[in-house]
Amino acid sequence: MSAREFNFDGLVGPSHNYAGLSFGNVASFSNVKSASNPREAALQGLAKMRELAARGFAQAVMPPQARPNFRLLRRIGFTGTDADVLARAYRESPVILACAYSASPMWTANAATVSPSADTFDGRAHFTAANLNNKLHRSEEHLQSTRTLRALFADERHFAVHEALPPTSAFGDEGAANHTRFSATHGGKGVEFFTYGRVEFDPSAPAPKKYPARQTLEASQAIARLHGLDSARTVFASQNPDVIDQGVFHNDVIAVGNGNVLFYHEQAFHDEGAVLNALRNALAGVDTELTAIRVDTQVVAVGDAVASYLFNSQLLTKPDGTMALVIPQECQENRAVARYLEELVASGGPVDELIHFDLRQSMRNGGGPACLRLRVALTEAEAQAMHQGVIMTDALYDTLVAWVGKYYRDHLEPKDLADPQLALECSAALEELSRILGLPGLYDLT
């Protein structure tokens with residue numbers, strides 16, 4: 001059955017800020033407490049969406065989440081009016097206020113894990129919202145993520161949206177950032193590939209020493225069960241704990257896959273040979289051969305890969321069957337990475353084009369092109385059944401650019417999070433956005 005891959009890019013919210021809350025994310029920590037530009041961040045993301053849609057890729061918008069998270073603040077003892085809550089939180093615990101204002105939902109690769117209907121037991125597309133329980137500022141995102149996914153994919157004849165896994169360390173789940181899918185076509189049967197950083201119930205399993213491993217094997221196995229995946233076409237692989245300790249907090253910082261291609265760094269996995277053999281064997285069952293593009297450490301060091309987000313790129317299949325690599329501008333500014341990419345495109349392999357974007361506002365907060373999108377492969381019937389108001393068009397682009405200009409600030413500092421007017425601006429912006437996208441009731445703003 002034919003299908004297209006839709007990329008649902010996170011629309012950056014009006015409170016985009018650099019709080020440096022994500023221990024283990026080097027870029028996020030490096031820019032902590034510096035001034036951000038929410039307007040520029042949103043416009044950079046929208047420009048990427050419009051350009052890819054114009055090139056013929058299926059592109060959609062994932063709405064931002066409501067900020068600040070007053071529910072979180074009130075649950076932990078901040079009381080009074082909204083203005084009182086903000087003032088007290090800023091005075092007593094500015095870090096927790098920053099958590100309530102976190103911009104991280106923009107990275108929709110962490111919103112959920114998605115299995116297309118070709119892979120599942122009941123022939124429906126399955127979604128499981130990620131619990132993101134490793135970090136306070138992300139641990140409640142699954143509530144709105146589930147609500148949003150159910151609004152976008154409401155037809156239960158075609159879609160199943162599961163609740164997040166239990167919010168315990170055993171089931172730490174970071175969504176599609178640690179999951180990819182290989183297949184000959186988006187509509188054909190595929191192999192689903194889950195990576196994890198630790199094993200909760202096996203203390204002898206490899207694990208990082210410096211930074212936390214956010215995805216567990218147990219979580220990945222649970223999602224495979226929920227989605228009804230065929231065990232013969234499901235592969236679980238351990239990340240290399242040493243690269244987690246070098247800032248590779250998700251697998252999509254060190255590897256990316258598309259179609260039958262795995263583009264990865266030689267240090268990505270704990271046992272590279274076993275991973276490749278498992279993928280090759282599984283793909284043989286769907287009459288597909290793995291094409292592995294390995295980047296050696298002597299060519300691109302892990303530090304350069306993390307700094308440039310070379311692997312946090314989008315690998316997209318073009319209409320002619322070749323692939324384009326969507327990269328951040330930083331890749332062209334890193335000498336080793338730029339040299340490697342020139343050779344990659346000239347090599348005659350599957351990747352024959354580079355598409356680069358200025359995503360500095362997102363990059364400074366620790367997320368590149370791949371972080372900004374959730375991949376959803378849909379048949380024609382499924383694409384018609386999903387909510388149509390989020391599909392990127394020229395008209396929607398123009399409307400959203402005007403909306404950003406109306407509501408977004410061009411300068412935001414940590415002290416501004418205590419400003420009650422910012423909270424009002426965010427609320428008003430999302431009320432109007434829900435009307436623009438045709439999603440009434442998407443937010444609980446009471």
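Student: Where is Glu 174 found?
Tutor: Glu 174 sits in the loop between β5 and β6 (179–182). Keep in mind that this is a predicted model.

Student: Buried or exposed, that Glu 174?
Tutor: Buried: the relative accessible area of Glu 174 is 2%, and the cut-off for buried is under 20%.

Student: What does Glu 174 touch, not counting residues up to four places away in sequence?
Tutor: Ala 109, Asn 110, Ala 130, Leu 132, Asn 134, Arg 214, Gln 215 and His 250.

Student: Which residues does the UniProt "active site" annotation cover?
Tutor: The UniProt entry, which is unreviewed, lists Glu 174, His 250 and Cys 371 under "active site". They span 198 residues of sequence yet cluster in space, with a largest C-alpha distance of 11.3 Å.

Student: And where is the place of His 250?
Tutor: His 250 is in the loop between α8 (241–244) and β9. His 250 is buried as well, at 1% relative accessible area. Leaving out residues up to four places away in sequence, His 250 touches Asn 110, Glu 174, Ala 177, Asn 178, Arg 214 and Gln 239.

Student: On to β9. Which residues of β9 are on each side?
Tutor: Strand β9 covers residues 255–258. Ala 255 and Gly 257 are on one side, Val 256 and Asn 258 on the other, and all are buried.

Student: In what sense do β9 and β10 pair?
Tutor: Antiparallel, over four bridges, with β10 running over residues 261–265. Asn 258 stands opposite Val 261 in β10. The hairpin has two residues between the strands, and Gly 259 there takes a positive phi near 60°.

Student: Now Arg 375. What does its side chain reach at 2.7 Å?
Tutor: The backbone oxygen of Gly 257. There is also a polar contact of 2.8 Å between the side chains of Arg 375 and Thr 180.

Student: Which strand does Arg 375 lie in, and what else is it in contact with?
Tutor: Arg 375 lies in β15 (residues 373–379). Beyond its neighbours within four places in sequence, the contacts of Arg 375 include Glu 5, Phe 6, Asn 7, Val 114 and His 179.

Student: Is Arg 375 buried or exposed?
Tutor: Arg 375 counts as buried because its relative accessible area is 17%, and the limit is under 20%.

Student: New topic: the open sheet. What is the strand order?
Tutor: The order is β6-β7-β8, with mixed pairing. β6 and β8 are the edge strands, each pairing on one side only. The twist averages 25° from one strand to the next.

Student: How many bridges join β7 to β8?
Tutor: Five, and the two strands run parallel. Glu 192 has Thr 234 in β8 as its bridge partner. Helix α9 (residues 272–284) packs on the sheet and touches β6, β7 and β8. The direction of α9 makes about 160° with that of β7.

Student: Last one, α7. How many of its residues are buried?
Tutor: Eight of the 11 residues in α7 (217–227) are buried, among them Leu 217, Ile 223 and His 227. What covers the buried residues includes β3 (112–115), β4 (125–129), β5 (159–162), β7 (191–196) and β8 (234–238).

Student: What follows α7?
Tutor: Gly 228, with a positive phi near 65°.

How values were computed
Residues are numbered from 1 along each chain as its sequence is written. This is a predicted model: local features need pLDDT of at least 70, side-chain atom pairs count only at pLDDT 80 or more; totals for chains, interfaces and linings use all residues. Side-chain values use heavy atoms; hydrogens and water are left out. Buried means under 20% relative accessible area, exposed over 50%, partly exposed in between (1.4 Å probe, protein chains only). Two strands pair if DSSP finds at least two bridges between them. Contact means heavy atoms within 4.5 Å. A polar contact is a pair of N or O atoms within 3.5 Å; within protein, one must be able to donate a hydrogen and the other to accept it, and residues adjacent in sequence count only if both atoms are side-chain atoms. UniProt positions are given in the numbering used here, feature names are shortened, and annotations may be inferred rather than shown by experiment. Axes are lines fitted to C-alpha atoms, for helices over the stretch in contact, and angles run from 0 to 180 degrees between N-to-C directions.
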